[in-house]
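Colleague: I would like to learn how to read a model like this one. Where do we start?

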Amino acid sequence: MCGITGCVTKQGNVANILYNSLKRLEYRGYDSAGVSTVYQNNLIVKKDAGKIDEIHSRLNFLDLPGNIGIAHTRWATHGAPSQVNAHPHLDCTGKIAVVHNGVLENFLELKQDLEARKHIFKSKTDTEVIPHLIEESLKMGKNFTEAVLEAVRKLRGSYAIAVLYAGEPDKIIVARNESPIVIGLSKEMNLVASDVAAVIEYTNKVVFLENGDLAVVTSDNFQIFRIDSGIPVQRKTTELNWTLEMAAKGGYPHYMLKEIFDQPNVLREALRIQDKYLDLLTEFLDRGREIFLLASGTSHNACIVGSYMFSKLARLTTYPVIASEFIENYGSSIGIDTVILALSQSGETADVLTSLEYARYRAATIIGITNVLGSTLTRIARAYVLQNAGPEIGVAATKTFTSQLMVLALLALRLARKRGKVSQYEIDEFQEELRLVPQLVEKTLELSDEPIKKLSKETARFSSMFFLGRGLSYATALEARLKIMELSYIPCIAYPAGESKHGPISVIEEGYPVFFIAPNDETRKHIIGNIMEMKARGARIYCIGAEGDEEIKQLSDWYLGLPSTHPLLSPIVYVIPFQLLAYYTAVEKGYDPDKPRNLAKSVTVL
Ligand code: F6R
């Protein structure tokens, strides 16, 4: 997730406005940034790696001349954070500049084709194909608008782009597919941006583009076209009464809630991860004699899901281990045949890194999944996959957890194909169902939000809660417990439901709240037995199960039905109501869910 912005003023310099807008977008990415303006028919670019203010102190964005410009703050997905990979990207003539938020699926084929036509590429980004495609169309005699239309029709994947052309210096062209774009309208200027946060200081009149829209924006006008047909369309202008702070959170009261609702899109981006990275990890996993899945906290819960997926779909045994326990427990036996798959959204967790350094010293192979390009994990690992989830600001991991699960599912699918231990039918079915997950999560958010908000009034009064699930749902129970405990400070217990009778059941007394995760999978009949055991001892039963499961609904005091998924993918869907429950319970108790006490986003001490 990157941030893009642009502005064209009636008169006066644009540099200050671009700089302010860019700062408002920094929460969307902060590993590099750049600004481009047009002055006297020349394109001027300043860009570098680093945070916006660091770059500004070196290059001074404010002395860029001109009344039109675009800007970008980056969260790397293709190519490390560096000066050449920072946006804007230019064509061969240096007259077209493009900033981009999203992931292009077909950039390699487009790049090969353009290279065959003698285009010179400077960066490792997917974005750089766009200015060269536009250059090709301009060469064929098209005007700027026609050239951008022609270029974006060739793109597959997600994009929000803003384009500047020194040959037509009165307009910015923007286009979107899946990544957002808003146009801000004012008397003095028009603006474009990834979100309202970047424009609200200048105007509250905005127009949201829809997928498949392209807009030509001048200082006093704008026109929107459909990309596929080129036909003009009208979009309504909205007047927002948002404060700056509300705008930064996309209109949500907290970053955490925004990040929970971002998940359908984040999962779509995870599905776009390039095959070559997944294939490399698959290769290492398949070669290992013993394989550990190493992480802390929420990432460890993702590892538990991963180990079930690898075992069930690829018949590959792996051991999920809590990072801080790894050296003591397994340190002396690891060696050259050991493969460690480390999961860390930040890539900086000290417990994870210490174990990896130790394992590296003993010649183990280290591979990783992380959300932060350039993090220490990416430097230690032989190979890694980036989650493409964008920065997570809320301290509690939400969107990075579900995107980790998506990456693990993609790896399980590849491992299954490679190892050939399950039928082609099962593999195809899993692949089909994977594609449906973003929309199932969308539906789950819709179904859960209101009932969970209501439930939080009850949970806020609890002094303890119990979470039970079997199989993969055990990992969901662990994650539910962690989220609710860390945000609402209510001590919680999570167990595999089958294990609960071996001790924990003694805590049950009349009215004690027990949450069951009960999807319609092979664990269902045993879960019914566990519900009965708890009911018999007076527990109050809260159940999240499949839509239409009347039998479990009847047994429950409170029930939420969710859309059905492939059994191996259920944690991605079933964790959503618990994330919401953690959020709303914390708010109900008057706590700040974005900044739970005693916690830090990245834990860099042992
Ligand atoms: C919980 C949470 C933490 C992290 C843990 C590991 O919501 O965010 O438990 O999951 O500190 O962090 P990473 O994944 O950055 O290694």
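Modeller: Start with burial. Buried means under 20% relative accessible area, exposed means over 50%, and partly exposed lies in between (1.4 Å probe, protein chains only). K595 counts as exposed because its relative accessibility is 61%. K595 lies in the segment after α19 (570-588). Two ground rules: this is a predicted model, where local features need pLDDT of at least 70, side-chain atom pairs count only at pLDDT 80 or more, and totals for chains, interfaces and linings use all residues. Residues are numbered from 1 along each chain as its sequence is written, and side-chain values use heavy atoms, with hydrogens and water left out.

Colleague: Which strands pair with β2?

Modeller: Two strands pair if DSSP finds at least two bridges between them. β2 pairs with β3 (residues 42-49) in the antiparallel sense, over eight bridges. G34 has K47 of β3 as its bridge partner. β2 also pairs with β4 (residues 68-74), again antiparallel, over six bridges. There, T37 is bridged to G69. The hairpin of β2 and β3 has two residues between the strands, and Q40 takes a positive phi near 50 degrees.

Colleague: What holds the side chain of T203?

Modeller: Look for polar contacts: pairs of N or O atoms within 3.5 Å. Within protein, one must be able to donate a hydrogen and the other to accept it, and residues adjacent in sequence count only if both atoms are side-chain atoms. T203 sits in the loop between β10 (189-193) and β11 (205-208). A polar atom of its side chain lies 2.6 Å from the backbone oxygen of L185. The backbone nitrogen of K205 lies 2.9 Å from a polar atom of the T203 side chain. T203 is buried, with a relative accessible area of 8%.

Colleague: How do I read a salt bridge?

Modeller: Side chains of opposite charge can pair when their charged atoms come close. The rule asks for a side-chain nitrogen of Lys or Arg within 4 Å of a carboxyl oxygen of Asp or Glu. A search of the whole structure finds 37 salt bridges. One of them joins R58 and D48, with closest N and O atoms 3.3 Å apart. R58 lies in helix α2 (residues 52-59) and D48 in strand β3, so the pair ties together parts ten residues apart in sequence. R58 is partly exposed at 48%, whereas D48 is buried at 18%.

Colleague: How is the chain divided into domains, and what lies across the interface?

Modeller: Domain bounds come from an automatic or database domain assignment. Domain 1 is 3-251 and domain 2 is 266-588. Their centres, taken over C-alpha atoms, are 37 Å apart. Contact means heavy atoms within 4.5 Å. By that rule, 19 residues of domain 1 are in contact with twelve residues of domain 2. The interface holds two salt bridges.

Colleague: What can you say about E105 and R272?

Modeller: E105 and R272 form a salt bridge, with closest N and O atoms 2.6 Å apart. This pair links distant parts of the chain, 167 residues apart. E105 is partly exposed at 42%. R272 is buried at 12%.

How values were computed. Helix = DSSP H or I, 4+ residues; strand = E, 2+ residues; numbered from the N terminus.
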